[in-house]
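Please look at the following assembly with its chains in view, and keep the sequence at hand while reading the explanation.

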Amino acid sequence: MIPVNTTTLQVLAVWLVLMLSTVLSTWGFSRPLFSPGTATLAVMGIAAIKLILVMEYFMGLHQAPRAWRVAGALWVSAAAGMVVLIYLL
Amino acid sequence: MDEETKVLYQRISILCGPIFVTTFVIFWAWMGHNLPPPHPDDAAQLFTDRYVNNLTSIRIGFLVALVTICLYLPWVGYTTARMMRIETGPYPVLSYLQLMGGALTVMVVSISMWCWVVAAQRPERSPEITQMLTDAGWLMNDTVYMCTTLQMWAMAFCVMADKKSKVPLMPNWACWLTIFCGATFFPASLTAVLRSGPFAYDGLIGFWIPYPAWLIWEFTASYFLLTDLNRRVREGRVEEVVASPHGGLLQGGK
Amino acid sequence: MSPDIEAPSSRPRSPEPRRLPGVEGVWAFVFADMTMFAVMFGSFMWDRHRNPLAFEESRHLLNATFGGINTLILLTSSLFVVLAIEALKAERALRARWLFALALACGFAFMLAKAFEYGEKFQAGISMLSNDFFMYYFILTGIHLGHVIVGNVVLAVMSIKSASATNQASSLANYEAGATYWHMVDLLWILLFPILYLLR
């Protein structure tokens, strides 16, 4: 009944990855099992991947001209990179 | 009034925008010692010292800036008239909103400087009062911004809805940046509550983003208004509604 | 160029011309807004760096479960919006309308969860003035909440309007622009959440 095409499947797969990684960040790495440094770097790494996934597949940058994709990637690396850098200071 | 004179006044009105920005930076920011702004959490005596040590510069700065702030008015006048050409008909509500917002902006910024002029008039008065006048001036600007925000939004929405012009008054991105610049004023309300950190009236979000955003917008919008005027003159469309048969005469204005 | 071509069965590597979804100006707005947030994140990190112990102590008073659930809510909401745009491209206006409505429901759920979370803090006597950490916490989440409220209005308008939506490129671009904004709200939370709740 519902027309399922590859785009829909791709978006659903991305959504599933985003949901699972959120669960992992929120309730996984917060356990005392992980050292603060490890947990923080893992959580920020996951966040950066999530940002790229949302930009590329939800906002549709994967079909946009290269300049816009580069701008998106630059923002993600600048924002997440700055956070990690100041954290490591 | 002949067409050439009309165009001359239109051009002067637009140029008042960038001239206002320039004088604002020189007299309000630099001579008025607002770069950086005073720190709101300082002791009262430091506010008095600030005036006493830079008295002449601060007096000249704000007195001149109080005059040149009114250059905003002709600019708003031209912008209103230009918007009415887009928003034709008897209900140019966005044009009126822009007009009122712009006019009130001049009053808000003027009242703010007036507080500082009062503080500088008798700097030997009790430091607490000088401190209060300084605070009052800043909070006038930082909490009474909505007139300006509405002015900017009205202009952006009007230009974006333009179906008449072959080349829009401002490109789409400039309209959206106008909306963004207007929105950067909102966090400035926090200056009424927080006296240190990024949200205070000398902070990153309280000062260093919204004030430049306003001036950069004014500058950018002036650029596009001027380009648009030149285009109209070049194409002999001085009157948008009734095409002028004397378009050729206006080439002198370039 | 017309968007309805790609709807039925999209070939992943088709030589379709590259196209920025939505309205270019909205993208300019989105990047300006995201930069403003990045500046505030940097400011938070800098102040945290100068006083790590106090920030860490206050962070323990936050409930990461609220933040995590709100992330899941926004991600799901974004998914609904993506599917709604696809429905519009496939000329299934009614389907699009319901998907936008579901996205809006998620937006409301986010606000509700935030209200509970703020309420919990106020009950515990914590406010914006408690300390620097909570100043950032309330202001950053507050400004983000403002974006959510604007986004809910956008979603409501898109849901109402989509019943009469046409498949014309210009009309579709407006919906895509609304979607771009809503995804940005999601995007900002994805970064805001770990910075405030999870960094330790």
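Predicted model: local features only at pLDDT ≥ 70, side-chain atom pairs only at ≥ 80, totals over all residues.

Of the 200 residues in chain C, 43% count as buried.

How do the chains touch one another? Chains A and B, by comparison, are joined by no contact, and their closest C-alpha atoms are 14 Å apart.

The contact between chains A and C draws on 41 residues of chain A and 40 residues of chain C. On the side of chain A that touches chain C, the elements giving two or more residues are helix H1 (6–28), helix H2 (36–58) and helix H3 (66–88) of chain A. Divided by class, that side of chain A holds 29 nonpolar, 11 polar and 1 charged residues.

The largest nonpolar core has 152 residues, and the members that touch the most others are Leu51(A), Ala84(C) and Leu191(C). Helix H6 (residues 169–198) of chain C supplies the largest share of this core, with 19 residues. For Leu191(C), leaving aside residues up to four places away in sequence, the residues touched are Ala47(A), Leu51(A), Ala79(A), Ala80(A) and Phe41(C).

The contact between chains C and B takes 16 residues from chain C and 17 residues from chain B. On the side of chain C that touches chain B, helix H1 (24–50) and helix H5 (132–162) of chain C each supply at least two residues, and H1(C) gives the most, with 11 residues. The residues on this side of chain C divide into 11 nonpolar, 2 polar and 3 charged.

Helix H8 (residues 172–183) of chain B and H1(C) have axes that come within 7 Å and cross at roughly 35 degrees, and H8(B) passes H1(C) in a right-handed crossing. From H8(B) the contact is made by Asn172(B), Trp173(B), Cys175(B), Trp176(B), Leu177(B), Ile179(B) and Phe180(B), and from H1(C) by Glu24(C), Gly25(C), Val26(C), Ala28(C), Phe29(C), Ala32(C) and Asp33(C). Sorted by class, the residues where H8(B) meets H1(C) are 10 nonpolar, 2 polar and 2 charged.

Within chain B, another pair of helices may be described in the same terms. Helix H1 (residues 3–31) of chain B packs with helix H10 (residues 210–234) of chain B at an angle of about 160 degrees, and their axes are 9 Å apart. An angle over 145 degrees counts as roughly antiparallel, and H1(B) and H10(B) are therefore roughly antiparallel to each other. The crossing of these two helices, H1(B) and H10(B), is left-handed. Residues of H1(B) in the contact include Val7(B), Ile14(B), Gly17(B), Pro18(B) and Phe24(B), while those of H10(B) include Leu215(B), Glu218(B), Phe219(B), Leu226(B) and Val233(B). Taken by class, the contact of H1(B) with H10(B) comprises 11 nonpolar, 3 polar and 2 charged residues.

Technical notes: Residues numbered from 1 in each chain as written. Chains lettered and ligands numbered in written order. Contact = placed C-beta atoms within 7 Å. Helix = DSSP H or I, 4+ residues; strand = E, 2+ residues; numbered from the N terminus. Nonpolar A, V, L, I, M, F, W, Y, C, P; charged D, E, K, R; others polar. Buried ≥ 20, exposed ≤ 12 C-beta atoms within 10 Å, placed from the backbone. Core = buried A, V, L, I, M, F, W, Y, C linked by C-beta atoms within 7 Å. Axes fitted to C-alpha atoms, helices over the stretch in contact; angles between N-to-C directions. Parallel < 35°, antiparallel > 145°, perpendicular 65-115°, else oblique. Left-handed = near helix turned anticlockwise from the far one by under 90°.
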